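This briefing concerns aromatic ring pairs and charges placed over rings. The sequence and structure are shown first, and the findings follow by topic.

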Amino acid sequence: MRKYLLLAISLFIVSVNAFSQKMNIGGNVQDTIAKTPLASAVVIAVRLSDSVLVAHTRSDAKGFFALKNMKIDTVQIIVSHPKFGDQSYYVFGSIENNAFDFGKIILPSKSHTLNEIVIYAYKDPVYYKGDTLIYTADSFKVKPNATVEDLLKKLPGIRVDAQGKITSQGKKVDQVLVDGDEFFGTDPTMATQNLNAKAVESVQVYEKKNENESDDGNETLQIMNLKLKDEAKKGYFGKVTGASDFEKFYEGEFLANKFKNKQKISVFALGSNTPHSSLGWEDMYKFGLSDESDWQADEDGDYSWNGMERNQGIPQTLKSGIYYTDKISSKTKLNFNYTYNNNQLNANSETASQYFLTDTTYKTNNRSNSKQLNESHSINFGIVQTLDSLTELVITPKLDFNSSTTNRNELTDFIGGDEILSRRTEINNKNKANGYKLNTTAKITRKFKKKDRLLEASYNNVLNNNTSEGTLISDNVFFNNSNIGNDSINQKKTNLGNSRSNNATITYIEPLTKKIKLEFEYNLNFNVALQEKKALNFTNGEYALQDSLFTNNFENIRMTNRFGAKFIYEVKKQRLIVGTRIRQVSIANNNLITEQTIKQTVNNVLPYLRYMYKFSENSRVNFSYKTNSSQPSIDQLQPIQDNTNPNQIKKGNPNLLPTFKQGFELSYNTYKPISGKYIWSSANYSTTNNGFSNSIIYDSIGRTITTPVNVNGNFDGGAYIGAGFPLFSQMLELNPNFDFNYNSYTSFINNQKNITKTAHTGSRLDVILKLDTLDFSIGYGFDYNSPSSTLFASNNKPYTSQKMNASLNLKLPFKFNLETNAEYVINSRRAQGYNINYFLWNASLKKTFLKNENLIISIDATDILNQNINTSRTIQDNVITDNKTNIISRYILLKAIFKFNSNKNKKDEEEY
């Protein structure tokens, strides 16, 4: 009896819940000729099951209509007007999908025959299509005028850090595409700050083969593709932005983009002396300026920061460029872009370092000032030529010119364990450098009539040339040892470096059955790098005496032959890839001064395995085992001392061998579309043989000579889990996450082996409230780091950091909008003077003007409490270093943004 009672109660609850759910439908009817709002259009809803009229209404003076509180069902919506033909829509309603916005409805003329039927049905907010993870953009609520960056931060499993780097399920996103195209570059971060979230139809995440992959890099790249709505790719659009405090700080932007059929032209300019020193994601994606990122890819497809640190010093930036792409015929697509970049940075920093040796300890206090100017010109060209229905040729030459000027002053105090000042060093480095890089790739792809059979051949040629000239002036003052006296350095330094790289790859894929494929690949790489360094001492009023200790001419020649094979098995729920690569590297390191040559031959077998199992379209597990090998750089190899910092001299090692790294990764993710709950988790472990490490020799006054060496046993492991728990019809959401990392690093201190192990744990909880006129979030994060050293127990000093943050976005009457965010940071267990706690509070009050609300005036206040500072702690070998750097603190700007586009209504302005 109890069982039947529970069943009846359950059925009653389900019935009540279903009865309480209603369906709402709306849209905007337009005149097909004048393309103006169409009033008094009749809108009816007919239930398909019995052809009963269930609702009806008329469009208002602005063309808008709404059918509210309809019972959830499958209905036909018919829009009609006496002067035009009818337009029909089919709506498949459900509890999960009960609100439909048809957008613009253009009624056809009466003589026009309707060939298209529009069907509105439920789309999962997150789902898989094959191996592609797809987020339906409109399923995630964002604030008005939200950017793509705002959208990405709301997607389960997607993270965006302070510098704009994207990760998906704990893995970095290597490349961002828009509608499947690179849009003038492969940068993973820059595009997202130039597109409004409302212009995006879906966000797709998937993996593809790394075209620039070598043994050093990853076999695949993780790609994020933004699929735009059709209306976002028509006509022209842009914006002009200006901001100033009318005393010191300013910001300015101009961006314009024009589409005509397959042709796209973009121009941009940016000037700023605030941390807003580069184009944001929203503008990058929208205007297709993805080359304008400070994140740059190396030859292995890995990305690194290539710009000036936004959170350090006082910046000044000027950027401008033009982009062009066009499909000039059915078989030919062209693209071209040019960019000019000028960055200046003035930075002051303070560093406290603690050195631990077996018989003594000491510390240093360093104060530095640096002025830096970087200037670059970049020209990229690309052509995609379809030779026939099965063959495509792609050619992409890229040319970069770069120049830089730096002037750095340092003052360092050396303090013994008895807290007595023993030595003071003053160092001045001035340097001017310029160079160019020409990178050309040609790739031909041939498909066949047999499905999945493929032949691909590619060739890449890279030419690098760099020259630099500068001076090093250093003075030492000794306070407690009169026998040493004062010494000084005054040198002129020149450096000439060039390299040539040739890389050819051929790949063939043969399908054996519908489920099984074989892939074969051969790669040949030939690389020559030359670096000549000269140091001239100042004597008799001129730089004339060559210093042999810091002068050398060195050549590195490397040839790699690699053959690989894969077995690929794929069915609906599973994919298995097993393969291996056999590689031989022949190396010749030539000291052109001593005429000595060191030859090496390294043979490797590099196996790999990947397995994926799908429990459902929204739940899967992945496992991978990978191996790779990294080559030492010419700076690590060249047997010459680098005394750029005379207190920390570096010397190359021509006997260095390539590394061998193997790693495991396991990940699991699941998403429930109806409730919105999700879990993303991953674990990884890697170990390295012949890893690159340091051998450090200390002299009696604290100077060091560091030489790279090969070591075995370095490892790194970690885990991450994040989840989302929506509550109260998804108005409230809890987002907890946890991460852990443990690594071991071997080095040599005064010829004694030292193993440094570091454990890191971090946890965070965010609570998000989303209402119609208010978005609010609050969060707390805690990080604990525990280092340990086998040689120096005094180095085992845990340290912590805590971060509390909150944000508010409030829609106010009279077209006002208030945005504010705050962050409180607590740093603990650091050196005296570096346990800095600070509270950062930013706020912005905005108001929109004009008929289409395309003029936005705002007052933006940054760091209202004037507490901003950049701090960091690093632990490496036997040294603990705490650093703090000056950055721009409090400033308040009056800002104006004017948006323009070829569509003249408010909704379109919001989407741009």
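Two rings of Phe, Tyr or Trp (its six-membered ring) count as a pair if their centres lie within 6.5 Å. In this predicted model, ring pairs join Tyr 355, Tyr 362, Phe 414 and Tyr 698 into a cluster. The structure holds 16 aromatic pairs.

**A stacked pair**
- Tyr 89 and Phe 102 have ring centres 4.4 Å apart and planes at 20°, so the pair is stacked.
- The pair links distant parts of the chain, with Tyr 89 in strand E6 (residues 84-92) and Phe 102 in strand E7 (residues 99-106), 13 residues apart.
- Tyr 89 is buried, at a relative accessible area of 5%, and Phe 102 is buried, at 6%.

**A tilted pair**
- The ring centres of Phe 623 and Phe 664 are 6.5 Å apart and their planes stand at 35°, so this pair is tilted.
- Distant parts of the chain are linked here too: Phe 623 belongs to strand E35 (residues 619-628) and Phe 664 to strand E38 (residues 660-671), 41 residues apart.
- Phe 623 is partly exposed, with a relative accessible area of 32%, and Phe 664 is partly exposed, with 38%.

**Charges over rings**
- Phe 414, one of the residues in the cluster, has the charged end of Arg 423 over its ring, 3.9 Å from the ring centre.
- Arg 873 lies over the face of Tyr 799, 5.1 Å from the ring centre.

Key. Residues numbered from 1 in each chain as written. Predicted model: local features only at pLDDT ≥ 70, side-chain atom pairs only at ≥ 80, totals over all residues. Heavy atoms only, no water. Phe/Tyr/Trp six-rings, centres within 6.5 Å; stacked < 30°, edge-to-face > 60°. Helix = DSSP H or I, 4+ residues; strand = E, 2+ residues; numbered from the N terminus. Buried < 20%, exposed > 50% of the residue type's maximum accessible area, 1.4 Å probe, protein only. Lys NZ or Arg CZ within 6 Å of the ring centre and 35° of its normal.
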